[in-house]
Amino acid sequence: MKTNRRCRALLAVSLNLMALLFSTTAFITTHWCEGTQRVPKPSCGKERKTNCLNYGGNETANETNQNVVHYSWETGDDRFLFRYFHTGIWYSCEENINAAGEKCRSFIDLAPASEKGVLWLSVVSEVLYIMLLVVGFSLMCLELFHSSSVIDGLKLNAFAAVFTVLSGLLGMVAHMMYTQVFQVTVSLGPEDWRPHSWDYGWSFCLAWGSFTCCMAASVTTLNSYTKTVIEFRHKRKIFEQGFREEQNFLDQEAIKYFRERTEEERAEAGDLRLQCLHSCSPN
């Protein structure tokens with residue numbers, strides 16, 4: 001029984017630790033959503049010869065004279081570049097078409113004003129989610145390594161299960177709120193940011209993987225608590241049945257003893273009467 005409880009507790013601790021690592025990684029990374037943005041191609045110049053619009057003629061003169069009308073034979077999507085971008089809770093980063101590397105800006109500033117409150121609520125929920133995971137993990141470790149008695153272990157187990165379930169619910173709400181804010185931002189966000197195509201990234205998968213591990217840890221902890229209580233009740237029932245049987249056996253032995261004693265006393269009383277009759281009768 002003790003070995004099974006320890007194995008279940010170790011499994012719950014491992015799942016909770018995975019949930020904590022996944023959620024923290026997802027919270028600080030910027031790959032919740034990723035895709036491409038359609039932006040106009042820049043003009044060709046001395047430093048840029050590809051993925052640009054070449055209007056022909058004297059490029060230097062065209063660049064210096066703002067009154068020159070530029071013509072290009074490229075039409076449709078040929079006039080645009082599709083740059084890669086990825087977005088997290090805090091920042092949205094996109095490929096820099098004019099230089100190497102990426103440029104990032106605050107996703108909170110990109111979100112529409114009507115969704116900023118929901119986004120901040122999502123951030124607060126994510127923080128609480130991680131904090132409750134830490135509390136649940138600490139209680140599980142206490143139950144696993146420093147529990148002095150089974151009763152204390154059961155109490156820690158119950159509190160750990162409650163905190164883990166609450167953290168899982170908060171995490172689910174936080175992920176759904178962020179998804180809602182991002183979808184609204186795709187439609188109502190700044191023109192120079194709106195994605196041409198997008199999908200969920202690996203940070204989003206980590207966030208929901210964290211939620212899955214969190215709920216699995218809570219289920220394992222509740223299962224351990226329930227099994228331990230059931231085992232204690234079963235052992236108590238067996239003990240009470242054995243005690244009753246032993247008590248009945250003792251009662252029967254006592255009844256048998258008193259019955260035999262009574263019969264012996266009656267026999268002795270009968271012998272005394274006979275002796276008294278013989279002694280008291282005339283010769």
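By class, how many nonpolar, polar and charged residues does the lining of the largest cavity have?

Reply: The lining has 7 nonpolar, 3 polar and 1 charged residues. Here Ala, Val, Leu, Ile, Met, Phe, Trp, Tyr, Cys and Pro count as nonpolar, Asp, Glu, Lys and Arg as charged, and the others, Gly among them, as polar.

A word on the ground rules: this is a predicted model, in which local features need pLDDT of at least 70 and side-chain atom pairs pLDDT 80 or more, while totals for chains, interfaces and linings use all residues. Residues are numbered from 1 along each chain as its sequence is written, and side-chain values use heavy atoms, leaving out hydrogens and water.

Searching the whole structure turns up 1 cavity of 30 Å³ or more. A cavity is a set of points, on a 1 Å grid over the protein atoms alone, where a 1.4 Å probe fits but cannot get out; lining residues have an atom within 4 Å of a point. Points are joined across faces, edges and corners, and the volume is the space filled by probe spheres set on them. For the largest cavity that comes to about 60 Å³. Its lining consists of Ala9, Ala12, Val13, Leu139, Met140, Glu143, Leu156, Asn157, Ala160, Thr221 and Ser224.

Now to the nonpolar cores, each a set of buried Ala, Val, Leu, Ile, Met, Phe, Trp, Tyr and Cys residues joined through side-chain atoms within 4.5 Å. Buried means under 20% relative accessible area, with a 1.4 Å probe and protein chains only. The largest core has 28 residues, and Trp32, Phe107, Leu119, Tyr178, Phe182 and Trp193 touch the most other members. Two or more residues each come from H1 (2-28), H3 (107-110), H4 (116-145), H5 (150-188) and H6 (202-280). H6 gives the most, with 6 residues. Apart from this core lies another, of 10 residues, among them Leu15, Leu144, Ala160 and Ala217. Ala160 also lines the cavity.

Helix H4 holds Ser125 too. This serine is buried, at 7% relative accessible area. Beyond residues up to four places away in sequence, Ser125 touches Leu170, Ala174 and Met177, contact being heavy atoms within 4.5 Å.

Methods
Buried < 20%, exposed > 50% of the residue type's maximum accessible area, 1.4 Å probe, protein only. Helix = DSSP H or I, 4+ residues; strand = E, 2+ residues; numbered from the N terminus. 1 Å grid on protein atoms, 1.4 Å probe; cavity = no way out; pocket = protein on both sides within 12 Å on 5 of 7 lines; lining within 4 Å.
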